[in-house]
Structures are given as C-alpha cells and as structure tokens.
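Welcome, and please take a moment to look over the sequence and the fold below.

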Amino acid sequence: APMFIPAGWAYDRFGRKPFLLIGPAWNTIGNALIAYTQSPSLFMVLRVVGKSVQTLSGSTTSMAALADCAKGERLTVWSAYVSSAACTGVILGGLLETAILLRGYTARATYAFMSACGLAHTLIVLALLRETLPPSQRSSERSSFKSPLGCFKLFRHGSRLRLAALSCAFGNFADGANLNDIDQMWIKQDVTDMGL
C-alpha cells in the first residue's frame, strides 16, 4: 500500500479484520466529506488518502486474509475469484454513478450515495466477517520502517518481473476505479449535452 507504515507487520500483529474495516469506514467518512466540501484542495487530499486506504484495506489486506484460508492451487483460484469480484464492483459502481448523474442528480448526490454504500459495507464487515488470523498465530516481532519506494526493487530482478511490474503499474493507473470520477463528470457534462 502506498503508505509510510509497515503494513505487513501490522496485519500480522493485530490481525486482518481491523484493516479490512479501514477502507469501508473511510468510504463512509471520506465520501461524506467530499459530498459537502467546497474546497478543491481538500477534495484532492481526501481522494489521495482515500485511494491509499482503499488499497491497504482492499487488495492488500484481503490477499493476506485469503492466504490465511487457502494455500497452493486453491489460493490461486480464490485470488482470481476475488479479483473478478473487484472488477465487477468497479463496473457496477460506475454504472450506478452514471445512472445517478444521468437522472439529473448532482455530483454531491453521487458522493453521498457512495458514503451510504461505505456505511453498509462497514456494517457487513463488522457483523459478518470473521478474523482469519487467530491470536495464537500473530507475530510479536517489533515494527521496522518500510518505505513504499521499496517496490522499485522489483525492477532489479530480471526482465520478466520488470515487465510484469510495469504492466501492472500502467494497468492500475488507467483502472476504471481510479479515473471513474473523471469519466462520470464527462458523461454528465459532455455526453448528456450532446444528447447521446
């Protein structure tokens, strides 16, 4: 995750569930703040922080939790299922946002709706999701600083890994979840005006 914290150590020390809650809780609070802010600079900060905690809570922690529950070939298959579910969420989220905007609602209404979805997600995780790392298996090692820039070490281990890492970086940069707000505003302002 693009955060200056030893994320792997924290997962192993405190369990997975607290970190699985961070993303949904932020979606509740962050999107509510975005819906009611008038400050472009605050909007930018909230979006950047939001993407960071969503990565920490989503793909990073969920993969750690998945590894607690499955190994080998089963882990590979389940990881593919989780990735497919995430892609489905991106598609359905974009469709819902488009539907909200095309019905004449404002961008504020879209963020308020996303905040409500974040609240529902938070409650589901709290009520239904069980911790996958029991206390007896948690690490007691001391924390050490891990820079997020350590990811660049991937580019020093052969051309295959370098190309895979580069491809993954470009794919995530243009991912619909990252550019969805721009897409929705374009649909609202330009596509609708053209009568399409």
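Let us start with a meeting of two helices: K17, L20, L21, P24, A25, N27, T28, N31, A32, I34, A35 and Y36 in α2 touch R108, Y111, A112, M114, S115, G118, L119, H121, T122, V125 and L126 in α5. Sorted by class, the contact of α2 with α5 has 14 nonpolar, 7 polar and 2 charged residues. Here, Ala, Val, Leu, Ile, Met, Phe, Trp, Tyr, Cys and Pro count as nonpolar, Asp, Glu, Lys and Arg as charged, and the others, Gly among them, as polar. Contact means heavy atoms within 4.5 Å, and helices are DSSP runs (H or I, at least four residues), just as strands are (E, at least two), numbered from the N terminus.

Before going further, a word on what you are looking at. This is a predicted model, in which local features need pLDDT of at least 70 and side-chain atom pairs count only at pLDDT 80 or more, while totals for chains, interfaces and linings use all residues. Residues are numbered from 1 along each chain as its sequence is written, and side-chain values use heavy atoms, with hydrogens and water left out.

How do α2 and α5 lie against each other? The axes of α2 (residues 17–36) and α5 (residues 107–128) come within 7 Å and cross at roughly 160°. This makes α2 roughly antiparallel to α5, a label for angles over 145 degrees, with under 35 counting as roughly parallel, 65 to 115 as roughly perpendicular and the rest as oblique. Axes are lines fitted to C-alpha atoms, for helices over the stretch in contact, and the angles run from 0 to 180 degrees between N-to-C directions. The crossing of α2 and α5 is left-handed, meaning that the near helix is turned anticlockwise from the far one by less than a right angle, whereas clockwise would be right-handed.

Two residues let us look inside this pairing. N27 lies in helix α2 and counts as buried, at 18% relative accessibility; buried means under 20% relative accessible area, exposed over 50%, and partly exposed in between (1.4 Å probe, protein chains only). Beyond its neighbours within four places in sequence, N27 is in contact with A32, Q54, M114, S115 and G118. Over in helix α5 sits Y111, which is buried with a relative accessible area of 8%. The C-alpha atoms of Y111 and L33 are 8.7 Å apart, although 78 residues separate them along the chain.

Helix α5 has another partner. The axes of α4 and α5 come within 9 Å, crossing at roughly 145°, and this crossing is right-handed. L96, E97, I100 and L101 of α4 make the contact with A107, T110, F113 and M114 of α5.

Now step back to the whole chain. It has 7 helices and 0 strands, and buried residues make up 26% of its 196 residues.

How confident is the predictor? The chain averages a pLDDT of 76, and 75% of the residues score at least 70; pLDDT is the predictor's confidence in each residue, from 0 to 100. Confidence is highest in α5, at a mean of 89, and lowest in helix α7 (residues 176–191), at 62. Over residues 1–5, pLDDT stays under 50. Where pLDDT is low, the predicted coordinates should not be read in detail.
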